[in-house]
Amino acid sequence: MRIHADQEKCCGAGSCVLAAPDVFDQREEDGIVVVLDAEPPAALHDAVREAAAICPAAAISVSD
Amino acid sequence: MTTAERTAPLDAPDAPDALAVPAARAPGCPFDPAPGVARAVHEEPVTRATLWDGSACWLVTRHQDVRQVLGDQRFSADAHLPGFPFLTAGGREILSGGTTFIRQDDPEHARLRRMLTADFMVKKVEAMRPEVQRLADELIDRMTDGRTSADLVTDFALPLPSLVICLLLGVPYEDHGYFQERSRILLSLRSTAEEVRTAQLELVAYLTRLAESKRERPDDGIVSRLVARGELSFAEIATMGRLLLVAGHETTANMTALSTLALLRNPDQLARLRAEPSLVKGAVEELLRYLTIVHNGVPRVATEDVEVGGRTIRAGEGVLCTINTANRDEDVFPGGEALDVTRDARRHVAFGFGVHQCLGQPLARVELQIAVETLIRRLPGLRLDIPFEDVAFRSDMAIYGVHSLPVAW
Ligand code: SF4
């Protein structure tokens, strides 16, 4: 799994951080998404898919 | 002619049973969406309704369609565009106090919103937990000191988020009576346009003076930091401060009181939570879904013709996304008419969806988790102190909840 987060689209509401805290974080200065682990282990895949599904700005995409 | 200029009005619904919004709830269960709107999900998920001034708009009621509309920037949040659906004359008057970013589109919306995203990010807000917990415990101490009953709204549910947002903004809490009263007028569906205009002016004037005072005496609150940034005028800072102040008060306060009532009405769910406090995080998501206090819908206006749920919404037509019905959509939340604290409710749209999704949601979550957990832990005998039938629900407010909640312990 490979994750891409679009920082232009992100509106910084943090849902991804709550869904998958090992994979997503927010930038200190402006709360915009940062990906901590772009190729997370299989155990985290469900959480990442959930994060992509609840992201309000459709900023997270996942490829297999 | 561009599509954005085409503002042909919808035909006013002519069927005698055409839905009027805000729609009345049924007397049976005050937690359920209005029956007419709830029925639409099955019968005609994208349907027409009539507003207070006789104009028509679309109601979008299903989860997937609500996410489509709120996620698509061809549906504008700009309340100045013709066709934008207002719930009341007073609602339209709110624009007189200056436009906030929730009623603007990108790129202006994003520019203003990004000035605040760092203040509400998850890490920042999680770090406030000990402080919020301390405030919650103090309020309970004071509420229970020598007493066995109280109004949960005035003694706990309202002061908790009020103290927190005042702290964050750098607004003196001593003035809470002043802005709570004005905030109530702004959100009352009964307020006249005149009342709304006055309340707006007073609130913005108050916050403008506050912003000016931060120039001399800066602190680390949001208002002060916006002043130091130097990109916004005092009037613009005041308008933004007004949005945060009103939103910070009315939403979490009502979620706290209404959640308490919903749990008292569902004793099996309350017992489940008491037995397993680790369920609190998930329970708060479920309460957000089940109660959905933004109960009259999220307004947008189409700027192009767009197909939604098999219907074509034309440019210039208003849309209300009824997030309360979306949050009960059986396709996403099977058995969704019931409160189930063990449900995975994370896909709810109680905070809205799209780039306008609630900026303060990490803070709301922390406050609600602490409020619910603290109430349950500290008041094991908590019960309603009046008959359930006598509870005064806020059907007359833009944010649903209860006007007061007499409880005993
Ligand atoms: S959920 Fe989406 S919009 Fe929100 S912070 Fe994460 S990437 Fe950004």
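The model is predicted.

## Ligand shell

## Contact between the chains

Chain A puts 26 residues into the contact. Chain B puts in 18. Together the two chains bury about 1800 Å². Carbon and sulfur atoms account for 50% of that area.

Between chain A and chain B there are 11 residue pairs in polar contact, counting pairs with both residues at pLDDT 80 or more. On the side of chain A that touches chain B, three elements each supply at least two residues: helix 1 (15–19), strand 2 (24–26) and helix 2 (45–54). Helix 1 of chain A gives the most, with 4 residues. By class, this side of chain A divides into 12 nonpolar, 6 polar and 8 charged residues.

## Salt bridges

Over all chains, the structure holds 34 salt bridges. The count between chain A and chain B is 3.

One salt bridge joins Lys123(B) to Asp25(A), at 3.4 Å from N to O. This pair crosses between chains. Lys123(B) sits in helix 5 (residues 122–126) of chain B, and Asp25(A) in strand 2 of chain A. That strand is among the elements that supply at least two residues to the side of chain A touching chain B.

Arg347(B) and Glu50(A) also meet through their side chains in a salt bridge. Here the N to O distance is 3.0 Å.

## Aromatic pairs

The structure holds 8 aromatic pairs over all chains. One pair is formed by Phe31(B) and Tyr290(B). Their ring centres lie 5.9 Å apart and their planes meet at 45°, so the pair is tilted.

What parts of chain B does this pair tie together? Phe31(B) lies in the loop between strand 1 (19–20) and helix 1 (35–43) of chain B. Tyr290(B) lies in helix 14 (residues 280–291) of chain B. The pair therefore ties together parts that are 259 residues apart in sequence.

Methods
Residues numbered from 1 in each chain as written. Chains lettered and ligands numbered in written order. Predicted model: local features only at pLDDT ≥ 70, side-chain atom pairs only at ≥ 80, totals over all residues. Heavy atoms only, no water. Contact = heavy atoms within 4.5 Å. Buried area = accessible area lost by both parts, 1.4 Å probe. Salt bridge = Lys/Arg side-chain N within 4 Å of Asp/Glu carboxyl O. Polar contact = N/O pair within 3.5 Å; in protein donor to acceptor, adjacent residues only side chain to side chain. Nonpolar A, V, L, I, M, F, W, Y, C, P; charged D, E, K, R; others polar. Phe/Tyr/Trp six-rings, centres within 6.5 Å; stacked < 30°, edge-to-face > 60°.
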